[in-house]
Amino acid sequence: MHYRIYNLLRKHDLLKKYSLEDVIEHLQRVSMFKIGEEWKISEIPKKSGEIIRALEISIMQNNGS
């Protein structure tokens, strides 16, 4: 997983802006939980959302949005 994130940072030329440890720390703040039969994603903190968008990571949501 570390190498995948590192490669994304390198691909998007973000190694000067974010360290691998920073990205992992921020991505750990995003979690999924199950309500009944449906999986939901927790609220995504602002900085984590910025990193997700910068790295073009797809976060799937099945809540109709």
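**Helix packing, salt bridges and overall layout**

Biologist: Is the crossing in which helix 2 passes helix 3 left-handed or right-handed?

Modeller: This is a predicted model in which local features need pLDDT of at least 70 and side-chain atom pairs count only at pLDDT 80 or more, while totals for chains, interfaces and linings use all residues. Residues are numbered from 1 along each chain as its sequence is written, and side-chain values use heavy atoms, without hydrogens or water. A crossing is left-handed if the near helix is turned anticlockwise from the far one by less than a right angle, and right-handed if clockwise. On that convention, the crossing of helix 2 past helix 3 is left-handed.

Biologist: How is helix 2 oriented to helix 3?

Modeller: Angles under 35 degrees count as roughly parallel, over 145 as roughly antiparallel, 65 to 115 as roughly perpendicular and the rest as oblique. Axes are lines fitted to C-alpha atoms, for helices over the stretch in contact, and angles run from 0 to 180 degrees between N-to-C directions. Helix 2 (residues 20-27) packs on helix 3 (residues 46-54) at an angle of about 120°, with the axes 9 Å apart. Relative to helix 3, helix 2 is therefore oblique.

Biologist: Which residues of helix 3 make the contact?

Modeller: Contact means heavy atoms within 4.5 Å. From helix 2, the contact is made by Val23, His26 and Leu27. Helix 3 contributes Lys47, Ser48, Ile51 and Ile52.

Biologist: How many residues of the contact of helix 2 with helix 3 are nonpolar?

Modeller: Ala, Val, Leu, Ile, Met, Phe, Trp, Tyr, Cys and Pro count as nonpolar, Asp, Glu, Lys and Arg as charged, and the others, Gly among them, as polar. In the contact of helix 2 with helix 3, two residues are polar and one is charged. The nonpolar residues number four.

Biologist: Which residue meets glutamate 50 in a salt bridge?

Modeller: A salt bridge is a side-chain nitrogen of Lys or Arg within 4 Å of a carboxyl oxygen of Asp or Glu, and the count comes to three. The N to O distance in the bridge of glutamate 50 is 3.8 Å.

Biologist: What is the N to O distance in the salt bridge of glutamate 25 and arginine 29?

Modeller: Buried means under 20% relative accessible area, exposed over 50%, and partly exposed in between (1.4 Å probe, protein chains only). Glutamate 25, at 39%, is therefore partly exposed, and so is arginine 29, at 42%. Their side chains meet with an N to O distance of 2.9 Å.

Biologist: Which residue forms a salt bridge with glutamate 38?

Modeller: Glutamate 38 is partly exposed because its relative accessibility is 34%. Its salt bridge spans 3.4 Å, N to O.

Biologist: In what order do the elements of the protein chain run from the N terminus on?

Modeller: Helices (H or I, at least four residues) and strands (E, at least two) are DSSP runs, numbered from the N terminus. The protein chain has three helices and two strands. Their order is α-α-β-β-α.

Biologist: What share of the 65 residues of the protein chain counts as buried?

Modeller: Taken along the principal axes, the C-alpha atoms fill a box of roughly 40 × 20 × 20 Å. Of the 65 residues, the share that counts as buried is 26%.
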